[in-house]
Amino acid sequence: MKKTFPEGFYWGSATASYQVEGGIENTDWAQAAREGRVPECGVACEHFTRYEADFDLAKELGHTAHRLSVEWARIEPVPGEFDSQAIAHYRRVLEALHARKLKPYVTIWHFTQPLWFSEKGGFEQKNAPQIFARYSAHVVRELGDLCDHFSTMNEPNVFASNGWLRGSWPPFKRFAITDMVSITNSGKMLDSKASKGFKPLFLYFRVMKNLALAHNAAYHAIKKVSPQTEVSFVHHVIVFDANWNPFNKIKAWIANYMWTYKFLNRTKNCCDSLGLNYYFYTQFGDKRVWRKTDMDWNFAPEKIEVALLMLAKTKLPLFVSEGGVADAVDSMRAEYIKLQVLGTWRAIQQGADVRGHMYWSLLDNYEWALGFGMRFGLIAVDYENQVRTPRPSAYVYKQICESNAVVE
Ligand code: BGC
């Protein structure tokens, strides 16, 4: 049966600056690579110079929207001093999207921090929210005429848990007991030099609080320079579920509160809409043997429905800002996309006000601590020669985008 989406629904894919652009050296991640703690990012997909050809492909693949991020370290290489060349570059990028009738969704900050900021303590600092708000306001002041939707930040909970609990991302602080659990996309390898102990737990809570304050401060600063701009942040929702056991139900409730709702409660009054990044479903007390993606994650794209309904409790307009699968041989991506889109459709039927769907990712790219091995792209990238090849699943998605519908 054909399931049709609301008229004007946006279809597209997402990228993030550090993961695709290449040539970014003044960030905490580039520094960590120089120290041998994470893989080098180098020229990545050379998207910084190849963005027009990449957007041509997105257009050919039926997309009508594109989510990208701008790189803080390019725009503000020195505290309080903004680089006009960097802004000029992102203006050209946004113009290239408009020329192809792709609606831009811009994320102001996607994980990587300028070195001057991270070296002073990053989001552990008391004045981090003000520093972040100043940067955010600058971005919207300079780019706001070319984009009407900005997300302040990407996945604050993933950023803080990988950096301060698991210790596998900069600044590599590890809470003692998290050696035992795997949190999202941090990779299986633990950084052996990570500082361990109980202090990271306190710092984690401080960072989460500062991130919420940073989002709220950025929201107000943006509204001052551009009241009509739609402001959101991008939330990573893990669906924690439970079997029949009441003890497991309590565990799931606590996990959902700590991972999703706590941050949301602090920020939802400073949001015009919300982006959802969905990758994980897990059930306490579950004995099933799951089919796994290349990331070794459970194959459960249809549960995006639950994640959307969780965010829909805020009554805010939503968009799927990410959702996708690492699948180097493209044997499961088409099915994954279809099920994810069907889950999105079902959430809409139940009242979730979803306005768009962005697959992660347009291109294969730098998958953080896992380097270039993981292949999330609709378009395969040959890193030897930068040749792009759309995968067969990209055409299945194209069919969905162009018909604004999915067949069950
Ligand atoms: C992040 C992306 C990442 C993707 C796949 C999301 O958590 O926003 O940067 O590449 O997941 O792991």
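In which helix is Asp-54 found? Select Asp-54: the residue is found in helix H3 (residues 47–60), where helices (H or I, at least four residues) and strands (E, at least two) are DSSP runs numbered from the N terminus. The model is a predicted one, in which local features need pLDDT of at least 70 and side-chain atom pairs count only at pLDDT 80 or more, whereas totals for chains, interfaces and linings use all residues. Residues are numbered from 1 along each chain as its sequence is written, and side-chain values use heavy atoms, with hydrogens and water left out.

Asp-54 is buried, with a relative accessible area of 2%; buried means under 20% relative accessible area, exposed over 50%, and partly exposed in between (1.4 Å probe, protein chains only). Now display the contacts of Asp-54, a contact being heavy atoms within 4.5 Å. Not counting residues up to four places away in sequence, Asp-54 touches His-47, Leu-362, Leu-363 and Arg-388. With the side chain of Arg-388, the side chain of Asp-54 makes a polar contact (2.9 Å). A polar contact is a pair of N or O atoms within 3.5 Å; within protein, one must be able to donate a hydrogen and the other to accept it, and residues adjacent in sequence count only if both atoms are side-chain atoms.

**Arg-391**

Next, select Arg-391, in the loop between strand S13 (387–390) and helix H13 (392–403). Arg-391 is buried, with a relative accessible area of 7%. Its side chain is joined to that of Asp-364 by a polar contact of 2.8 Å. A polar atom of the Arg-391 side chain also lies 2.8 Å from the backbone oxygen of Gly-377.

**The ligand**

An N or O atom in the side chain of Glu-155 is 2.5 Å from an oxygen atom of the ligand. Polar side-chain atoms of two further residues can be displayed: that of Tyr-279 lies 3.5 Å from a ligand oxygen, and that of Trp-360 lies 3.3 Å from a ligand oxygen.

**Helix H10**

Move to helix H10 (residues 246–267), which has 22 residues and reaches 30 Å from its first C-alpha to its last. At the start of H10, a side-chain oxygen of Asn-245 reaches to within 2.8 Å of the backbone nitrogen of Phe-247. Buried residues of H10 include Asn-248, Trp-259 and Phe-263. Among the elements that the buried residues of H10 pack against are strand S5 (149–154), helix H8 (156–165) and helix H11 (304–312).

**Helix H11**

Then colour H11, which is mostly covered, with 7 of its 9 residues buried. The buried residues of H11 pack against several elements, including H10, strand S10 (318–322) and helix H12 (333–349).

**The nonpolar core**

Where do the nonpolar side chains gather? In soluble globular proteins, they tend to be buried together. Finally, select Trp-72, Phe-123, Phe-132 and Leu-211, which have the most contacts inside the largest nonpolar core, a set of 136 residues. Such a core consists of buried Ala, Val, Leu, Ile, Met, Phe, Trp, Tyr and Cys residues joined through side-chain atoms within 4.5 Å.

Conventions:
Expected span 1.5 Å × (residues − 1).
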